[in-house]
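Open the model in your viewer and keep the selection tool at hand.

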Amino acid sequence: MDLDSAKIADLRVKHLEMLQAVISRIAGQGATLKNYCITLTTAVCGFAITLEKPLVTLLALFPVTIFALLDAQYLRMERRFRVLFDRVRLENWGTVPSFEISSKSAPNVSYWDALRSWSIFIFYAPLALAVVIVVLIARCAYG
């Protein structure tokens with residue numbers, strides 16, 4: 001069955017919309033991780049201050065680290081799908097799209113580049129620094 005160029009273009013747009021939906025969901029998970037990290041870190045710090053045990057606050061560095069690693073993985077996947085989006089966008093619009101949406105077809109992106117990105121570093125590094133500052137202030141207050 002032959003499809004006219006307008007129908008093929010419509011199918012290409014649908015394929016791009018499907019890829020964009022995946023990218024949006026992945027990006028949303030990164031934001032959710034940041035919210036959970038703030039909540040958990042605040043709870044651990046508050047609990048440690050309530051107990052008047054400043055060193056317990058250092059336990060908050062564990063979830064900060066874990067969430068940073070998870071967030072970097074989500075950012076890595078998001079970048080992979082963005083490259084896949086660009087590949088599909090640049091394909092010949094005269095052929096029917098494959099509708100393949102798979103991480104296997106997405107190119108490899110370095111995990112370490114994602115971990116060192118500004119969106120990870122600028123959030124988790126100051127949060128870890130804030131935990132250390134809370135420990136220092138609490139130690140001065142509680143001895």
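Predicted model: local features only at pLDDT ≥ 70, side-chain atom pairs only at ≥ 80, totals over all residues.

Residues are numbered from 1 along each chain as its sequence is written, and side-chain values use heavy atoms, with hydrogens and water left out.

Select α1 (5-51) and α2 (61-90); helices are DSSP runs of H or I, at least four residues, numbered from the N terminus. Their axes lie 9 Å apart at an angle of about 170°; axes are lines fitted to C-alpha atoms over the stretch in contact, and angles run from 0 to 180 degrees between N-to-C directions. α1 is therefore roughly antiparallel to α2 (over 145 degrees; under 35 counts as roughly parallel).

Contact (heavy atoms within 4.5 Å) involves residues including Leu33, Cys37 and Ile49 of α1 and Phe123, Leu127 and Tyr142 of α4.

Now select Glu91 and Arg12, whose side chains form a salt bridge at 2.6 Å, N to O (a side-chain nitrogen of Lys or Arg within 4 Å of a carboxyl oxygen of Asp or Glu). Glu91 is in the loop between α2 and α3 (111-115) and Arg12 in α1, so the pair ties together parts 79 residues apart in sequence. The whole structure has six salt bridges.

Finally, select Leu55, in the loop between α1 and α2. With Leu58, Val132 and Leu136, Leu55 makes a nonpolar surface patch of about 330 Å² (residues with over 30% relative accessible area and no salt bridge, nonpolar side chains (Val, Leu, Ile, Met, Phe, Trp, Tyr) joined within 5 Å and like charges within 9 Å; areas by the Shrake-Rupley method with a 1.4 Å probe, only the protein chains shown counting as cover for residues).

Methods:
Helix = DSSP H or I, 4+ residues; strand = E, 2+ residues; numbered from the N terminus. Parallel < 35°, antiparallel > 145°, perpendicular 65-115°, else oblique.
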